[in-house]
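Please look over the structure below.

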Amino acid sequence: MPGLDLTFLGTGTSLGIPVIGCNCAVCTSTDPRDRRSRASVYARSPECAFVIDTGPDFRTQCLREGVVDLDAVIYTHSHTDHIMGLDDLRPFCFLRPSGTVPIYAPPETMRDLERVFRFALDGNHRFAGYLIHEPHIVEEPFMLGGTKLTPLPVPHGKMTVTGYLLSRDDRPLFAYLSDCNGVPGAVRNLIRGVDTLVIDALRRAPHPTHLNLDEAIDIAADLAPNRTLLTHLSHDLGHAETEASLPPGVSIAYDGLRISV
Ligand SMILES: [Zn+2]
Ligand SMILES: [Zn+2]
Ligand SMILES: [Zn+2]
């Protein structure tokens, strides 16, 4: 069975890069890979297209990458840098024959979405043009076309958030852990042998809710995937300079990066 084509819509931390008002070397860099919108990834198989998270840059990300097909939206957690583009799913209701957008989220994330976006998600649909969602609570692995999505519970400060393993034909292709400050043994066992690991690497210094660069590299060394891509970067990490220091097999994702797995 063919694999998946993935496009990194965003690879930055919650502030994005450049940061408003910051004149540091990374925020003023002319390297386009140092311009990072909020973290999100778009996946396409022959049968199905879906996005993981819709942050505040979701509309411009879709326009930039020409995203017009969307069969489902998957959420990792309800921090604003991952959900605030939800209302920009409305055009996909117009584009889709069903007029609806399936939304997959863990229970607590779905509760938060329905609270924050109550005007759209409370089921009343009072006005034409509002988002109409089909809620799906994620508690166990589920299928989107021929792609199996396995939830991966990981610590993110005091929260537990949900990364995802994408597999096809029982082949573990892509593990997405954009926000975490550790990867428990049970999750490592689920993703060991994955082709491509995408993992949080916020900055050089330790952080209470995110992995830093050294921690991400250590986890990549333990799991030994074919390829590791770092994401959710802050302006502490310039692309070219940081990438030059990474071990073989580890590189840095950037906005607009396309890969096949
Ligand atoms: Zn800066
Ligand atoms: Zn977060
Ligand atoms: Zn985040």
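## Metal sites

D179 bridges the zinc ion (ligand 2) and the zinc ion (ligand 3), which lie 3.4 Å apart. D179 and H79 link distant parts of the chain. H79 sits in the loop between β4 (72–74) and α2 (80–83). D179 sits in the loop between β10 (171–177) and α6 (185–191), and the two residues are 100 residues apart.

This is a predicted model: local features need pLDDT of at least 70, side-chain atom pairs count only at pLDDT 80 or more, and totals for chains, interfaces and linings use all residues. Residues are numbered from 1 along each chain as its sequence is written, chains are lettered from A and ligands numbered from 1 in the order in which they are written, and side-chain values use heavy atoms, with hydrogens and water left out.

The zinc ion (ligand 2) is held by H77 (NE2), H79 (ND1), H156 (NE2) and D179 (OD), at 2.1 to 2.6 Å. Donors here are N, O and S atoms within 2.8 Å of the metal (3.2 Å for Na, K and Ca); water is not among the atoms, so sites may look incomplete. The donor residues of the zinc ion (ligand 2) are spaced H-x1-H-x76-H-x22-D in sequence.

The zinc ion (ligand 1) has another set of donors: C22 (SG), C24 (SG), C27 (SG) and H235 (ND1), at 2.1 to 2.3 Å. Along the chain they follow the spacing C-x1-C-x2-C-x207-H. C27 lies in the loop between β1 (5–10) and β2 (40–44), and H235 in the loop between β12 (227–231) and α8 (239–243), so this pair ties together parts that are 208 residues apart in sequence.

What geometry does the site of the zinc ion (ligand 1) have? The site is tetrahedral, with angles of 105 to 115 degrees among its four donor atoms. The site of the zinc ion (ligand 2) is irregular, with angles of 91 to 171 degrees among its four donor atoms. Four donors count as tetrahedral if all angles lie between 85 and 135 degrees; four count as square planar and six as octahedral if opposite donors are over 155 degrees apart and all others between 65 and 115; anything else is irregular. Ideal angles at a metal are 109.5 degrees for four tetrahedral donors, and 90 or 180 degrees for six octahedral ones.

Buried means under 20% relative accessible area, exposed over 50%, and partly exposed in between (1.4 Å probe, protein chains only).

| Residue | Relative accessible area | Class |
|---|---|---|
| C27 | 9% | buried |
| H235 | 31% | partly exposed |
| H79 | 31% | partly exposed |
| D179 | 3% | buried |

## Overall build

The protein chain has eight helices and 14 strands. Helices (H or I, at least four residues) and strands (E, at least two) are DSSP runs, numbered from the N terminus. The C-alpha trace spans about 55 × 45 × 35 Å along its principal axes. Of the 261 residues, 54% count as buried.

Residues 24 or more positions apart account for 65% of the contacts with a separation of 6 or more. Contact means heavy atoms within 4.5 Å.

## Local details

D57 is placed in the loop between β3 (49–52) and α1 (58–65). At 15% relative accessibility, D57 is buried. Its side chain makes a polar contact of 2.6 Å with that of R38. A polar contact is a pair of N or O atoms within 3.5 Å; within protein, one must be able to donate a hydrogen and the other to accept it, and residues adjacent in sequence count only if both atoms are side-chain atoms. Not counting residues up to four places away in sequence, D57 touches S37 and R38.

D53 lies in the loop between β3 and α1 too. Its phi is near 75 degrees, a positive value in a residue other than glycine. Is D53 buried or exposed? D53 is buried, at 0% relative accessibility.

D170 also has a positive phi, about 65 degrees, although it is not a glycine. D170 lies in the loop between β9 (159–168) and β10. D170 is exposed, with a relative accessible area of 72%.

T242 lies in helix α8 and is buried, at 0% relative accessibility. Not counting residues up to four places away in sequence, T242 touches R204, L213, L237 and I252.

The peptide bond from I17 to P18 is cis, with omega near 0 degrees. P18 lies in the loop between β1 and β2.
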